[in-house]
Amino acid sequence: MPPNPQTLLTPAMRDVLSRIARANRPAFHTLTPDQARAAYAAGADVLEIPKPALARVEDVHIPARDGELLRARLYAPSDAVLPVLLFFHGGGFTVGSVATHDILCRQLSLLAGIAVLSLDYRLAPAHQFPTAANDAWDALQWLATHGASRGLDASRMAVGGDSAGGTLAAMCAVLARDAGLPLALQLLIYPGCTAHQDTVSHKTFAEGFVLSEADISWFFSQYVRGPADRDDWRFAPLNAPDVDGVAPAWVGLAECDPLVDEGVMYADKLRAAGVAVDLEIYRGVTHEFIKMGRIIPEARRAHADAAAALRGAFRLD
């Protein structure tokens, strides 16, 4: 790494970071969880592309194992019976929602020509580990069983997500393997994979690159109940005993992101187990870049790359 990692940033990314600095908004770790959720929601679409129109957008309710009904939103570009991506939003298990990732899910649906089901799993601190993990797995099992009743091709499913949502997707891919539930792809966008923030990239990009170490520590302090939760592979997929036979992976990482090293490490773990992996590292951009398509060209390229991976996995080309 160069002495000043800021020099790695693209001019457009540097401009975004200077705008964020000028806005002088309070950091997430200085807020209450409710305040943090409101702040994240307020900024979620500021740098997004225009909202794509789709033929089908409908709200769905999915029962969790404890009887709670989880909200989800189904997107599709047509009324045809389509393969489906189950998507989990990012936000450190504490912020984020279907609404904050609406445009990204619409874009993936449109570009890939598939259905996307985006899940509002329950958030910390009201719902700590393993609630989000359980909600994600319950939703995938529900989709496999009931997707056809929603006009979906439940024989062709993928899982995906960004950041904490990528963690949930990677976990679901392992559980699906164990349950004999076939998945065409796991789409991992800068996923959290490690038990502890001890990689070089966590130190290099600790401050000034959208996602700070202080915020990561705060998010996880809301979600985990104690040290044992951090070491659980459902929180840290790098701790999974084995990943042999899991679904092929598309892994999209940001070069200037605390999470980049663990994303590479997880891609390496998958490859070592014989899993097909397509790894893309988008140079000069930070965490959250994929939701900045109005300003950051790499976001639009990542949209296209992810959609191409989905189309290929579902044999739509």
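I began at G113, which sits just after α3 and takes a positive phi of about 70 degrees. I take helices (H or I, at least four residues) and strands (E, at least two) from DSSP runs, numbered from the N terminus. A note on the source: this is a predicted model, where local features need pLDDT of at least 70, side-chain atom pairs count only at pLDDT 80 or more, and totals for chains, interfaces and linings use all residues. Residues are numbered from 1 along each chain as its sequence is written, and side-chain values use heavy atoms, with hydrogens and water left out.

Next I checked α3 (residues 102-112) itself: 9 of its 11 residues are buried, so the helix is largely enclosed by the rest of the structure. Buried means under 20% relative accessible area with a 1.4 Å probe, protein chains only. Among the buried ones I noted D102, R106 and L108. They pack against elements including β1 (56-63), β4 (115-120) and α10 (297-313), with contact meaning heavy atoms within 4.5 Å.

Then I turned to the largest nonpolar core, which has 114 residues. Such a core joins buried Ala, Val, Leu, Ile, Met, Phe, Trp, Tyr and Cys residues through side-chain atoms within 4.5 Å. Its largest share, 10 residues, comes from α5. L85 is one of the residues with the most contacts inside the core, and I saw that L85 touches L108, L117 and L310, among others.

Last, I followed α5 (residues 164-179) to α4 (residues 131-146): their axes lie 10 Å apart. Among the residues that meet there are W137 and L140 in α4 and M171 and L175 in α5.

Note on methods: Axes are lines fitted to C-alpha atoms, for helices over the stretch in contact, and angles run from 0 to 180 degrees between N-to-C directions. Buried means under 20% relative accessible area, exposed over 50%, partly exposed in between (1.4 Å probe, protein chains only). Lists of a residue's contacts leave out its neighbours within four places in sequence.
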